[in-house]
Amino acid sequence: MISDKTTRTRKSGRTFPSCLACHADPGFTWACGCGFALCTDCLRQNNDLWMGGGRTWRCPQCGKEHLGPNR
Ligand SMILES: [Zn+2]
Ligand SMILES: [Zn+2]
């Protein structure tokens, strides 16, 4: 009986890219898989990114939609 669990604790190991608009690194950004990332403030200020009445935002680089902070 071998309990060989590769336990990789990812509690604080995940890092988010810094905001592409204001270059802040708040520790969390709304990032897209293509590399685009915005902090919460910049995302809220970019009204043209918002879709569906403010529930989702659309990545301007690849067009993928993501759930935003205004759920
Ligand atoms: Zn920002
Ligand atoms: Zn994208």
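Biologist: What share of the contacts in the chain with a separation of 6 or more comes from residues 24 or more positions apart?
Modeller: This is a predicted model, and its confidence should be kept in mind from the start. Counting the contacts with a separation of 6 or more, the share that belongs to residues 24 or more positions apart is 21%.

Biologist: How much confidence does the predictor place in the chain, as a mean pLDDT?
Modeller: Of the residues in the chain, 80% reach 70 or more. For the chain taken together, the mean pLDDT is 85.

Biologist: In what order do the elements of the chain run from the N terminus?
Modeller: The chain contains 1 helix and 5 strands. Read from the N terminus on, these elements follow the order β-β-α-β-β-β.

Biologist: Which residue in β5 is the bridge partner of Arg 58?
Modeller: Strand β4, which covers residues 56-58, pairs with β5 in the antiparallel sense over 3 bridges. Within β5, the bridge partner of Arg 58 is Glu 65.

Biologist: Is Cys 34 buried or exposed?
Modeller: Cys 34 sits in the loop between β1 (30-31) and β2 (37-38). Because Cys 34 has 12 C-beta neighbours inside 10 Å, Cys 34 counts as exposed.

Biologist: How far apart in space are Cys 34 and Cys 62, C-alpha to C-alpha?
Modeller: Leaving aside neighbours within four places in sequence, Cys 34 is in contact with Cys 59, Gln 61 and Cys 62. In sequence, Cys 34 and Cys 62 are 28 residues apart, while in space, C-alpha to C-alpha, their separation is 6.9 Å.

Biologist: Which residue other than glycine has a positive phi, near 60°?
Modeller: Most residues other than glycine have a negative phi. The residue in question is found in the segment before β1, and counts as exposed because it has 9 C-beta neighbours inside 10 Å. The residue with phi near 60° is His 23.

Note on methods:
Residues numbered from 1 in each chain as written. Chains lettered and ligands numbered in written order. Predicted model: local features only at pLDDT ≥ 70, side-chain atom pairs only at ≥ 80, totals over all residues. Helix = DSSP H or I, 4+ residues; strand = E, 2+ residues; numbered from the N terminus. Buried ≥ 20, exposed ≤ 12 C-beta atoms within 10 Å, placed from the backbone. Contact = placed C-beta atoms within 7 Å. pLDDT = per-residue confidence, 0-100. Pairing = 2+ DSSP bridges.
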